[in-house]
Every structure is written in C-alpha cells, then in structure tokens.
Amino acid sequence: MTYEQALEFIHSRIHLGTRKGLFRMEGLMEKLGNPEKRMKFVHIAGSNGKGSTATMCESVLRTAGYKTGLFLSPFVFDFRERMQVNGQLVDKQLMADVLESMLPALEAMKAEDKECTEFETVTALALMLFERCGVEFVVFEVGIGGLLDSTNIIPAPACAAITAISLEHTDILCTTIPEIAAQKCGIIKPGCRCAGYCDLVPEADAVLRETCETLSVPLTVADKAKLQVLESDDTGSRFVYDGAEYRIALPGGHQVMNALTVLSIVDQLRQGGEDLPYEVVRQGLEDAMVIGRLQVVRKEPRCVIDGAHNPGKIGALCAALDSLYPGRPLIGVMGMMNRKDYQSSVPQLAKRCRVFIAVPAADDLPFIVKPEVIAEIARESCADVRMCASAEEGARLAVQLAEEQDVLVATGSMYLLSGAKIGFTAE
C-alpha cells in the first residue's frame with residue numbers, strides 16, 4: 001500500500017459519518033492488540049483551544065525528554081499533521097504500512113456489521129503508529145465531545161484537560177452548556193488527574209468541579225489573579241504567572257489563557273511524579289508553534305489565516321485582531337460548514353470588515369455553507385460584500401483590494417486555510 005492509497009482508503013470511509021458509541025473502537029482495538037494500554041496520555045477536550053493547548057503541552061513534554069505523540073484534528077496542509085511523533089510528521093510509507101497491517105482487523109469489524117468510521121480508523125491508526133514508533137507520552141485531542149468520542153477508548157490518562165466550552169455540535173452533543181460540558185468531562189476517569197480552563201463559563205465550571213469531586217479526581221485551575229501580561233503582538237505574548245515568566249509564539253490573549261491550562265496540566269503531572277522543571281516548561285512553551293492560529297503568512301499586505309469555526313472561536317479571533325491591529329481596516333475572507341453556528345459567527349467578523357469576501361469552506365465536501373448564504377448574512381453588517389468560487393480566489397481578490405493599512409484575514413474553517421494561504425502568498 002502506498003501513502004496515496006492509504007489516504008484514499010481513509011477518506012473513502014467518510015460516508016459513514018459520525019456514529020455515537022465506543023463499541024466499534026473497543027472491538028477494533030482488541031483485534032489490534034490494545035496498544036493504547038501501553039502508553040501514557042494527556043487527554044484534551046473542549047470547544048475551543050484544544051489544538052493549541054495540545055501542541056503546547058506536547059512541546060513541553062518533548063523538551064523534558066519524553067518521546068511524544070501528538071494527535072490533532074483536523075489537519076490544515078498535510079494529513080500527517082494529525083499524528084506527529086516528537087514534533088515531526090510521521091513517515092508517509094510508515095503510515096501506509098501500519099494502515100495496511102490494520103486491514104484484516106478492519107475487514108473483520110465490517111464482517112461483524114461494525115464497520116468503523118473514518119475518525120475511528122484514524123484514531124486507531126494513530127495509536128498503532130505511536131506504539132510502532134516507541135512513543136512514551138501521547139497528547140490526545142478529542143474529536144467531538146468526549147464521553148463517546150473515539151479517543152475515549154484510552155484508559156485513565158495521566159491528566160485529562162478541559163479547555164474553553166461553548167455551544168457547538170448541538171445536533172450531536174445536546175443543546176445546553178451543562179449538557180455539553182458533561183460530554184466533555186466524560187474523558188475524566190477514576191485514577192486520572194485533571195486540569196481545567198481558568199475562564200470557563202460558570203455552568204461549565206460547575207460541571208467540571210462536580211465531576212472531579214464525584215470521581216475523587218484532583219483538579220488544578222489557574223488563578224487569573226496571578227497573571228500579568230507584559231507584552232503582546234502578532235508574534236506572541238510574554239507574561240508572568242505566579243511569579244514565573246513565560247513567552248509563547250502564539251498571538252492573541254486567548255492563547256495566554258490556553259498556556260495557563262498547560263501550566264495546570266504541568267502542575268498535575270508533577271503531582272503525579274513527572275519531572276518537569278521550570279526551565280523545561282518555559283522553553284517548551286516558547287518553542288510551540290501551531291499552524292492556522294492567527295498565523296501571519298504575508299507581511300505586506302498583512303495576511304493572517306485562522307481556523308476559527310464557531311462563535312466562541314470567532315469571538316476570540318476578533319478580540320485578538322482588535323488588540324493586535326487597533327484601528328486598522330480588515331478585509332475578511334470567510335467560509336463555514338453548515339454543522340457550525342454560522343449565523344452567529346459571520347456577523348462578528350463582518351461588522352469589523354471594510355470588505356467581506358464570502359467563499360466556500362472547501363471544494364469537495366457536501367456540508368459547506370454556500371457563499372450566497374454567507375454573503376447574505378454579512379450584508380447586514382458590512383457595506384461591501386463580495387463572493388468568490390474558492391478560498392484561493394477570495395484571498396487573491398483580497399490582496400488586489402488591499403490598501404496600505406488593511407489587515408487581511410481568512411477564517412471560518414480549517415478546510416479553507418490551505419487555499420487561502422496559496423491565494424494570499426501568490427505573486
């Protein structure tokens with residue numbers, strides 16, 4: 001099997017969609033020898049900030065000398081972003097070879113009328129790859145929810161972490177913050193430790209604390225009163241927390257909050273016996289880089305790509321843009337998926353834009369919001385709304401329209417970032 005054949009096999013399973021329950025994962029992992037039982041995990045759930053928190057946490061653990069695995073979703077430019085070993089994309093042929101070794105188990109599951117979804121297949125593939133590569137510590141980002149997510153096949157992690165929570169995937173996770181928080185907190189298991197986001201909405205915070213108390217799980221939540229942000233621009237932030245200074249290369253105040261979650265994870269891992277001295281944590285945070293999070297891809301004109309895709313994330317993005325580029329006009333390029341709350345997301349960006357360009361979030365997926373729908377919503381908040389047939393075309397148009405002070409931003413979905421980057425950087 002070649003790498004290209006492996007991708008074709010994986011993506012051919014997308015039609016199976018999202019199906020609740022862990023019984024398929026349980027059956028599949030048993031047939032594969034349960035590699036998840038032979039590694040340590042930091043398991044991260046939440047609505048916003050999971051990927052950034054996971055990436056910073058992995059960097060800290062790698063700096064400490066652990067051989068690490070990092071599981072993220074979705075990818076931006078390369079499928080292998082989803083399963084990294086020691087901060088590097090896995091070898092293409094190794095990925096194909098491991099998937100090929102899984103085919104008998106996957107076929108057996110199909111024969112039992114338990115055919116695995118794409119995400120289940122990718123989750124199992126990552127676990128098999130990590131074991132093959134001798135990974136000691138895996139930082140595992142949840143896909144959707146937590147309790148019934150495929151990643152929850154793992155035993156009690158060394159630390160479970162809950163990031164910011166907002167209304168999302170209401171067709172899958174229920175319709176209220178407490179219900180969604182309960183799904184996220186489903187990754188907290190007896191015997192693990194837990195770290196919580198320091199700025200959770202009260203309803204979610206109550207669920208987190210009640211869950212940890214019920215399961216006798218120790219919990220760390222950072223104290224914002226101990227935080228002092230020293231400087232912040234589009235190259236990152238420098239801050240002091242509890243008397244110690246740190247720097248992150250991820251722009252935006254929300255990333256400082258995510259870094260505090262990492263410090264809470266570190267606190268719990270230390271209590272569990274891991275050796276994570278200050279200098280390791282400081283260096284790990286400073287070295288962490290995240291693709292598609294307020295990423296500047298061109299300086300003149302200033303072009304930014306960000307994978308924000310729900311109201312909470314779009315709100316954080318807009319707050320960051322307000323802070324990083326005060327008074328500068330925006331040109332927005334935006335496309336979204338219809339499984340997200342685009343009605344609440346689009347106006348947040350549109351009202352800040354001198355020009356708003358609606359695009360499809362992806363070329364080949366059935367659940368995009370049509371540019372005409374995005375444009376209609378945007379027109380209520382922005383006087384100059386355009387439409388383009390692709391993210392790349394929209395980004396090219398934005399560059400053509402840009403004036404000296406304009407900041408160009410492409411957002412709404414991870415799926416559009418690759419095309420937008422091409423459009424922004426084309427000469």
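Predicted model: local features only at pLDDT ≥ 70, side-chain atom pairs only at ≥ 80, totals over all residues.
Turning from the surface to the interior, buried residues account for 58% of the 427 residues. The C-alpha trace spans about 55 × 55 × 40 Å along its principal axes. The radius of gyration of the protein chain is 21 Å, which agrees with the value near 22 Å that a compact globule of 427 residues would have. The secondary structure of the protein chain comprises 15 helices and 17 strands.

The largest nonpolar core holds 59 residues, and the members that touch the most others are Val42, Leu61, Ile188, Phe239, Leu260, Ile265 and Leu285. Helix α9 (residues 253-271) provides the largest share of this core, with nine residues. Another core, of 39 residues, lies apart from it and includes Phe71, Ala105, Val122 and Met128. Leu61 gives a residue-level view of the packing: beyond its neighbours within four places in sequence, Leu61 is in contact with Val42, Tyr66, Thr68, Phe137, Val139, Leu269 and Leu276.

Helix α9 also contains Gly253. With a relative accessibility of 46%, Gly253 counts as partly exposed. Gly253 and Val229 are 24 residues apart along the chain, and their C-alpha atoms are separated by 8.8 Å.

Strand β9 (residues 227-233) is joined to β10 by six antiparallel bridges, with Leu227 standing opposite Tyr241 in β10. On to the following strand, β10 and strand β11 (residues 244-248) run antiparallel and are joined by five bridges. Here Arg238 has Arg247 in β11 as its bridge partner. The hairpin of β10 and β11 also has two residues between the strands, and within this hairpin Asp242 takes a positive phi near 55°. Strand β10 (residues 236-241) is largely enclosed by the rest of the structure, because five of its six residues are buried.

Strand β1 (residues 40-45) pairs with β6 in the parallel sense over four bridges, and Ala45 has Ile162 in β6 as its bridge partner. Strand β7 (residues 194-196) is likewise parallel to β6, joined to it by three bridges. In this pairing, the bridge partner of Ala160 is Cys194 in β7.

Five of the six residues of β15 are buried, leaving the strand mostly covered. Strand β14 (residues 330-334) pairs with β15 in the parallel sense over five bridges, and Val333 has Ile357 in β15 as its bridge partner. Between β14 and β15 the chain crosses through helix α12 (residues 342-350), giving a right-handed β-α-β crossover. Strand β16 (residues 385-387) runs parallel to β15, with three bridges joining the two. Ile357 stands opposite Arg386 in β16. The chain passes from β15 to β16 through helix α13 (residues 371-378), and this β-α-β crossover is right-handed.

Helix α2 (residues 23-31) has Arg24, Met25, Gly27, Leu28 and Met29 buried. The cover over the buried residues of α2 includes α4 (92-111) and α5 (118-132). After α2 comes Gly33, which has a positive phi near 90°.

Terms used:
Residues numbered from 1 in each chain as written. Heavy atoms only, no water. Core = buried A, V, L, I, M, F, W, Y, C linked by side-chain atoms within 4.5 Å. Buried < 20%, exposed > 50% of the residue type's maximum accessible area, 1.4 Å probe, protein only. Contact = heavy atoms within 4.5 Å. Pairing = 2+ DSSP bridges. Right-handed = clockwise from strand over helix to strand, strands pointing away. Rg over C-alpha atoms; globule rule 2.2 N^0.38 Å.
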